[in-house]
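Please read it with the structure open.

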Amino acid sequence: MIVKVLGSGCMNCQKLKALAEKAVQQLGIDAQIVEVKDIQEIMAHGVMATPALVVDEQLRLAGRVPSLDEVVRILQKAQ
Amino acid sequence: MDPFYPLQLLADWLTYTVFGLAPASKLGSSLDFFLFDMPKVLILLAVVIFLVAIVRSFFPPEKTRKYLSHSRLYAGNVAAALLGIVTPFCSCSAVPLFIGFVESGVPLGVTFSFLVASPMINEVAVILLYGLFGWRIAALYIGSGLAIAITSGIVIGKLGLESWVEEYVYQIRMGEAADVPEQTWQERLSYATGYVKEIVGKVWPYVVVGIGVGAVMHGYIPADALARYAGPGNPFAVPVAILIGVPLYSNAAGVIPLVSVLTEKGVSMGTALAFMMAVVGLSLPEAIILRKVLKPKLIAVYFGVNAVGIMIIGYLFNAVLH
């Protein structure tokens with residue numbers, strides 16, 4: 001599974017990345033977390049508000065920092 | 001009845017009964033001011049930010065963009081300014097947001113109305129103004145913020161400055177705006193709670209310091225002491241206030257309690273509002289972020305049009321409000 005965190009590297013993006021890492025660890029799944037900072041690639045996902053979470057090329061969340069539970073649920077659903 | 005009346009009773013009781021200070025004393029007056037305003041402002045912040053976060057969860061930027069694409073001059077500017085208030089957007093998403101708007105055919109002037117309104121009409125500022133000055137000043141602030149956002153967008157639209165946007169913006173191909181799953185109520189509530197914690201956690205030290213300094217001035221500086229320098233008689237007060245306000249971006253939450261005391265000491269209302277709008281609406285960090293998509297000339301126009309707008313509002317209120 002490839003989990004992409006989209007964002008310019010701002011504080012909220014760092015928070016989302018940390019949450020994604022925690023969620024992956026908690027679920028014990030095999031996932032690679034990738035930070036996407038390139039604006040062209042962010043836009044290619046149709047995202048206008050960062051941070052955003054893309055799981056296996058599917059946009060799952062944009063424009064806010066969710067709770068850890070929500071990230072865990074998103075990853076579970078995507079499995 | 002004033003819903004904060006019990007807080008005033010509590011502050012009075014603590015100051016005059018528990019600490020035994022005389023109501024006429026400087027220290028007593030300062031402490032009473034602090035003990036009343038501090039909890040009042042923090043309660044207002046928590047409640048209103050929670051409500052704002054819930055409202056905002058219904059207006060993701062993707063939806064806003066859909067409303068505004070191919071909108072026309074004037075009507076589009078009004079809609080953009082109004083949507084700028086409710087669309088959540090942290091300054092770090094300014095770049096994707098801008099590109100997304102331009103890409104989907106939102107006219108440049110309409111995009112600017114949105115970009116101006118969004119930081120200018122800041123919910124923390126609205127709450128503090130309501131708490132410290134009453135609803136009339138808060139409404140004036142919202143109204144004048146909207147007026148500036150709408151007119152500066154119209155001006156920028158009329159000037160036809162599309163070539164002052166960085167070229168690569170027009171080349172970016174945006175992916176099909178993916179459907180982010182609609183949030184459930186549980187997610188909205190948890191988002192709103194988290195947002196309250198984040199904002200209050202970030203601004204409370206500024207509020208404490210701002211109200212603290214305000215409280216000391218309230219008790220120790222005689223009323224109207226500043227009227228000579230920044231009262232209605234000084235024509236330069238407004239531009240000077242704006243110049244001082246621009247670099248103070250991050251301290252908006254602390255500046256407003258201070259502003260309330262400044263007006264009490266004789267700074268005229270228009271000057272104080274202009275100062276505050278410059279603090280909240282014209283920020284250097286935002287300019288640096290927007291530099292990625294705008295050429296310096298367009299950033300200068302953006303700041304210039306805004307500053308002029310704020311100045312006009314300042315003079316207007318100085319003339320109208322006494």
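1. Conventions. This is a predicted model, so local features need pLDDT of at least 70 and side-chain atom pairs count only at pLDDT 80 or more, while totals for chains, interfaces and linings use all residues. Residues are numbered from 1 along each chain as its sequence is written, chains are lettered from A in the order in which they are written, and side-chain values use heavy atoms, without hydrogens or water.

2. Helix H2 of chain B. Helices are DSSP runs (H or I, at least four residues), numbered from the N terminus. H2(B) covers residues 26-56. Ser25(B) caps the N-terminal end, with a side-chain oxygen 3.0 Å from the backbone nitrogen of Gly28(B).

3. Interface extent. In chain B, 27 residues are in contact (heavy atoms within 4.5 Å) with 22 residues of chain A. The buried area (accessible area, 1.4 Å probe, lost on being put together, summed over both) is about 2000 Å². Carbon and sulfur atoms give 62% of that area. Cys92(B), Pro96(B) and Glu187(B) supply 22% of what chain B buries against chain A, more than any other three residues.

4. Charged pairs. Two salt bridges (side-chain nitrogen of Lys or Arg within 4 Å of a carboxyl oxygen of Asp or Glu) are counted between the chains. One of them joins Arg64(A) and Glu187(B), at 4.0 Å, N to O.

5. Contributing helices. H3 (61-68), H5 (94-103) and H10 (185-220) of chain B each supply at least two residues of the side that touches chain A. H5(B) gives the largest share, six residues.

Methods
Expected span 1.5 Å × (residues − 1). Polar contact = N/O pair within 3.5 Å; in protein donor to acceptor, adjacent residues only side chain to side chain. Buried area = accessible area lost by both parts, 1.4 Å probe.
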